[in-house]
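Student: I am new to this structure. Please take me through one part of it closely.

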Amino acid sequence: MSGDILIVAEHLEGRLAPSTFEVVSLGRALAAASGGVVRVALFGQGVRALAEALAKLGVEVLLVEDVALAEYTGDGYVLAVRGLLESAKPRLLLAAHTAQGYDLAPGLAGALDLPLVTNAVGVRLDGSRLVVTRRLLNEKVQAEIEIASDRMIVGTVRPGSVKAASPAPGGIVVPTKVSIDASRVRMRFARIERPTVQDIDLAAADVIVSAGRGIQKKENLPLIEEFAKAVGGVVGASRPLTDMDWLPKTRQVGQSGKTVHPKLYVACGISGAMQHVAGMKDAGLIVAINTDPSAPIFEVAHVGFVADVLKLLPATLKELTG
Ligand SMILES: Cc1cc2nc3c(=O)[nH]c(=O)nc-3n(C[C@H](O)[C@H](O)[C@H](O)COP(=O)(O)OP(=O)(O)OC[C@H]3O[C@@H](n4cnc5c(N)ncnc54)[C@H](O)[C@@H]3O)c2cc1C
């Protein structure tokens, strides 16, 4: 089998997903190691400009335009990939581990009877072996999985785990005809529904000050907000606070909330349950404030204060704002 890599690009409302640039970066590195070619499949209708933007990354873009692909549907994309595979036999097919990617990848692996590995934080070639890094058991364990297969492998890559590809010369757009039998596309795109309340994007913040149950009552939230503002950050929370509606769900950090990678994460009265830690342990600098010296948060914190957050923050604010 060739060492070629095929990537399925993701786009919405005329914009390429940032995660696609990350997968391209990984694909380029793998293709360089295997001596293969990296190709990016772009499906849609009227998306030539997006194909050209992708070609600027120095890759071959297989542009498949069809009315049945105007919007993403798992069925439509599986048929389109299937069509592409009639002429190309890549070793690896990659997509981002986004809502779209983890809908598409299992559907594809199931439809074509291919091995599947999801949510990889690293993929490398070790000689002829493909080695995939995944995080298991609520992110507590990092495992390397070796995949030996003479069939194409389908994989999804966790957003944020690879640096986005930068421009490179040599890219090309190849308009590609794939016949799609619209009667086999059983899914219909209806509409995009957005959350009614537009809130801050926690995942994009450089500084997050998160409040946990240790802040005792909702009336203490303004203290956290004031502190976050003083250090140029935004307010996050542990799950009990969003469950109690003290803050919107969009502020929840953790396994069932957001995964964040800020430069600074200040955990205020948060015990450090593994479900919370799963979402913030990769922050650059973790500062924890907790009255309990044996709180698990201190196991992941770089700097720890055994202190009452309701006393330490006002005192620190006084110093900061002078
Ligand atoms: C399937 C599943 C998914 C989950 N997903 C998430 C998730 O995404 N995010 C999440 O956060 N949780 C999640 N949880 C819940 C998680 O297990 C914990 O219950 C939760 O993180 C605890 O929140 P907490 O640390 O704020 O509260 P607690 O565990 O009650 O901790 C409060 C801490 O504050 C300290 N404290 C008390 N008073 C003060 C004070 N005055 N000053 C300083 N410290 C003080 C205490 O010593 C204690 O350590 C999930 C649970 C399950 C089962």
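Tutor: Strand 6 and strand 11 (residues 153-157) run parallel, joined by 5 bridges. Two strands count as paired if DSSP finds at least two bridges between them. Strands here are DSSP runs (E, at least two residues) and helices are runs of H or I with at least four residues, both numbered from the N terminus. One link is between Ala96 and its bridge partner in strand 11, Val157.

This is a predicted model, where local features need pLDDT of at least 70, side-chain atom pairs count only at pLDDT 80 or more, and totals for chains, interfaces and linings use all residues. Residues are numbered from 1 along each chain as its sequence is written.

Strand 6 has another partner. Strand 1 pairs with strand 6 in the parallel sense, over 3 bridges. There, Ile7 has Leu94 as its bridge partner.

Now look at how covered the strand is. Leu92, Leu94 and Ala96 point one way. Leu93 and Ala95 point the other way. Both sets are buried.

Helix 3 covers residues 74-85. Its buried residues are Gly76, Tyr77, Leu79, Ala80, Val81 and Leu84.

Notes. Expected span 1.5 Å × (residues − 1). Buried ≥ 20, exposed ≤ 12 C-beta atoms within 10 Å, placed from the backbone.
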